[in-house]
Amino acid sequence: MAKRAAGLVIFRKIGEQIQYLLLRASYGDFHWSSPKGHVDPGEDDFTTALRETKEEAGYSEEDLIIFRDKPKILNYNVKGKSKVVIYWLAQLRDSSKEPILSDEHTEMKWLTKDAAKEIVGYKDNQEMIDEFHEYILSSS
């Protein structure tokens, strides 16, 4: 059975610029990603996304406008095992509120769409950023 994880792709607007929050892992290949984590037994995906975002970035549901109607599901392999990650798009209500990192991450960056796509590296993650970006632009 595939491992499941869930998280939020968080963005903020600074004037007309849209920036995405990415966190650098303190383990493994020190990859950059949005806040996410494994689904605990008995927990649904959305609850996991909220819990992991609070743990990893310090943002609670009250800090965010979450677009629940547009989840994006990524399927990929990690060390030969299949993994499913579901993400929801979320806008930070107060664009000046900085994240509070857990010990799972060493640094964070707010990046434009193109810079975010470059740093995440993975094609499916890049496509997700593009899709969410188009959604933000079309609903502005």
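**Entry 1: Arg12 and its partner**

I began with Arg12, which counts as buried at 10% relative accessibility. The model I am reading is a predicted one. I then looked for a charged partner and found Glu98, which forms a salt bridge with Arg12. The closest N and O atoms of this pair are 3.4 Å apart. Glu98 is partly exposed, with a relative accessible area of 41%. I looked up where the two residues sit.

**Entry 2: other salt bridges**

I noted the total for the structure, which is 13 salt bridges. As a reminder to myself, side chains of opposite charge can pair when their charged atoms come close.

Next I looked at Lys97, which forms a salt bridge with Asp63 at 2.9 Å between the closest N and O atoms. This pair also links distant parts of the chain, 34 residues apart. Lys97 is in the loop between E6 and E7, while Asp63 is in the loop between helix H1 (45-57) and strand E5 (64-78). I checked the accessibility of both residues: Lys97 is partly exposed at 32%, and Asp63 is buried at 14%.

Arg51 is partly exposed, its relative accessible area being 22%. Glu43 has a value of 18% and counts as buried, because the cut-off for buried is under 20%.

**Entry 3: strand E2**

I moved on to strand E2 (residues 17-25). Here 7 of the 9 residues are buried, so the strand is largely enclosed by the rest of the structure. I wanted to know which strands pair with E2, and I took them in turn.

- E1 pairs with E2 in the antiparallel sense over 4 bridges. I noted that Ile14 has Gln17 of E2 as its bridge partner. The hairpin of E1 and E2 has 2 residues between the strands, and Gly15 takes a positive phi there, near 65°.
- E7 runs antiparallel to E2, and 6 bridges join them. Ala25 has its bridge partner in E7, namely His105.
- Strand E3 (residues 32-33) is also antiparallel to E2 and is joined to E2 by 2 bridges.

**Entry 4: helix H2**

Last I looked up helix H2 (residues 113-120). Which residues of H2 are buried? I listed Ala116, Lys117 and Val120. These residues cover an arc of only 100° around the axis, which puts them on the same side of H2. The face turned away from that buried side carries Asp114 and Glu118, which are exposed.

I then asked what the buried residues of H2 pack against. The partners are E2, E3, E7 and helix H3 (123-138). This brought me back to strand E2, from the previous entry, as one of the elements that the buried residues of H2 pack against. After H2 comes Gly121, and I wrote down its positive phi, near 80°.

Notes: Residues are numbered from 1 along each chain as its sequence is written. This is a predicted model: local features need pLDDT of at least 70, side-chain atom pairs count only at pLDDT 80 or more; totals for chains, interfaces and linings use all residues. Side-chain values use heavy atoms; hydrogens and water are left out. A salt bridge is a side-chain nitrogen of Lys or Arg within 4 Å of a carboxyl oxygen of Asp or Glu. Buried means under 20% relative accessible area, exposed over 50%, partly exposed in between (1.4 Å probe, protein chains only). Two strands pair if DSSP finds at least two bridges between them. The arc is that of the directions from the helix axis to the C-beta atoms. Contact means heavy atoms within 4.5 Å.
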